[in-house]
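Subject: Structure handover

Hello,

Here is the structure we spoke about, handed over for your use. My notes on it follow below.

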Amino acid sequence: MNKKTKLRIALASATLVVAAATGTALASGGSSSGSDSGSERPSTAQNKQVGQDKQQTPVVVKADGANLFPHSLDFDAPSKSFYVGSLKHGTVSTVGTDGKVRTFIDDPQIVSAQAVNIDRERGRVLVSNVDYGTADRSRKDAPFKVAGVGSYDLETGEQNWCVDLTALTLDGKQHLISDVTVAPDGTAYAVDELTPTVFRIDPEGNASVFLRDDLLQGTLDIPDFLDDVGMAAVEYVAGDQLIIAMADGSLVRVPVQRPEDAQKVRLSAPLASPTAGMRLLADGSITAVSSGLLTGKPARIQHVNPEDGWKTATVTVTDTVTDPVTSDVTEGPVRTTYALSGGLADLLAGKPNDGFTLTPVRTG
């Protein structure tokens, strides 16, 4: 059975699993009935103003971007806009809290835009280039053969550079650049979900292999779709380190100056699997979301509190999102955190939708 056939079977099955578990088909907006209602949710961002009114609880944002199918997002506080990538069109769009979606980047070199990272200090947006075989620009007969990162001007959306990371490996393997993070000096680090490789890209777009280690080899198998799924998300944290979330629920700590000393973080409990996205909080801890794509159970929002410089960490579940196919978390207005439900199962099953959902969630 070839990968294209596996893709169709696996995601058709995943859609049925989700529908059975939730009692409803996936909503066209990329959300099931629980997170699609538009009702208000409690949030730690709700605070009383001194002696006066309460701040309104953040509400679900119903974005109107039909068939965009975003997998990741970031938030730009000065413009009060979310930035989302499109797995279907390869574009990056801005989303206001009113749900209005506007195309911002449309670069023909990007097949599918997965990871989106706002680097306001340098006035740029970093975007990872992937190919599930389902995008408008896909090579339908050769999925997962595209791996790259592009840099775009934060004001105009014009390309600064777009680097092809497969040119560094020349291994003929499947690749999927799942996430990108930025260090204080402007160096970007990109993780490959299908090989145990971390790439380093300097601010001018010069790329190299930063680390290739069996510790980062994927162990999660998605039946009839992909085997050995590994690195799902990455954050640069204090102590000049990368924290990498593996799809199986483990975390790996990588010292930037000594990447050969990478080791697993000792967790009080593993993150739910498959882990999908992370957000670094102001206190140095991390919020992570784990998708329920394969089980149909609500996605889990988890708080990871580090100790001993990230040698150990405590994991607690702080919230859930009814839509199982929730894939990322980011900052929102007024110190909130939002989770993205972008309709991934619909995309991979070849079904259309009329938008996606951003749900405010508790982080602690």
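What joins the side chains of T195 and D192? A polar contact of 2.7 Å does. Please keep in mind throughout that the model is predicted.

T195 is in the loop that runs between β11 and β12 (197-201). Is T195 buried or exposed? Its relative accessibility is 7%, under the 20% limit for the term, so T195 counts as buried. Five bridges connect β10 and β11 (residues 188-192), and the pairing is antiparallel.

These strands are part of an open sheet of four, in the order β10-β11-β12-β13, with antiparallel pairing. The edge positions are taken by β10 and β13 (207-212); each has a single partner strand, so one side of each has no neighbour in the sheet. From one strand to the next, the twist averages 25 degrees.

The largest pocket holds about 730 Å³ of space. It is lined by 38 residues, and those closest to its centre are D74, N117, I118, E235 and L280. At least two lining residues come from each of β2 (73-76), β6 (112-119), β10 (177-182), β16 (231-237), β21 (275-280) and β25 (326-331). Of these strands, β6 gives the largest share, with six residues. Sorted by class, the pocket lining comprises 18 nonpolar, nine polar and 11 charged residues.

Last, the cavity. How many cavities of 30 Å³ or more does a search of the whole structure find? The search finds one. About 340 Å³ of space lies inside the largest cavity, and 24 residues line it, with H71, E193, I222, L293 and L344 closest to its centre. Each of β14 (220-222), β15 (226-229), β21, β25 and α3 (344-348) supplies at least two residues of this lining. By class, the cavity lining has 16 nonpolar, seven polar and one charged residues.

Regards

Terms used:
Residues numbered from 1 in each chain as written. Predicted model: local features only at pLDDT ≥ 70, side-chain atom pairs only at ≥ 80, totals over all residues. Heavy atoms only, no water. 1 Å grid on protein atoms, 1.4 Å probe; cavity = no way out; pocket = protein on both sides within 12 Å on 5 of 7 lines; lining within 4 Å. Points joined across faces, edges and corners; volume = space filled by probe spheres on them. Nonpolar A, V, L, I, M, F, W, Y, C, P; charged D, E, K, R; others polar. Pairing = 2+ DSSP bridges. Axes fitted to C-alpha atoms, helices over the stretch in contact; angles between N-to-C directions. Buried < 20%, exposed > 50% of the residue type's maximum accessible area, 1.4 Å probe, protein only. Polar contact = N/O pair within 3.5 Å; in protein donor to acceptor, adjacent residues only side chain to side chain.
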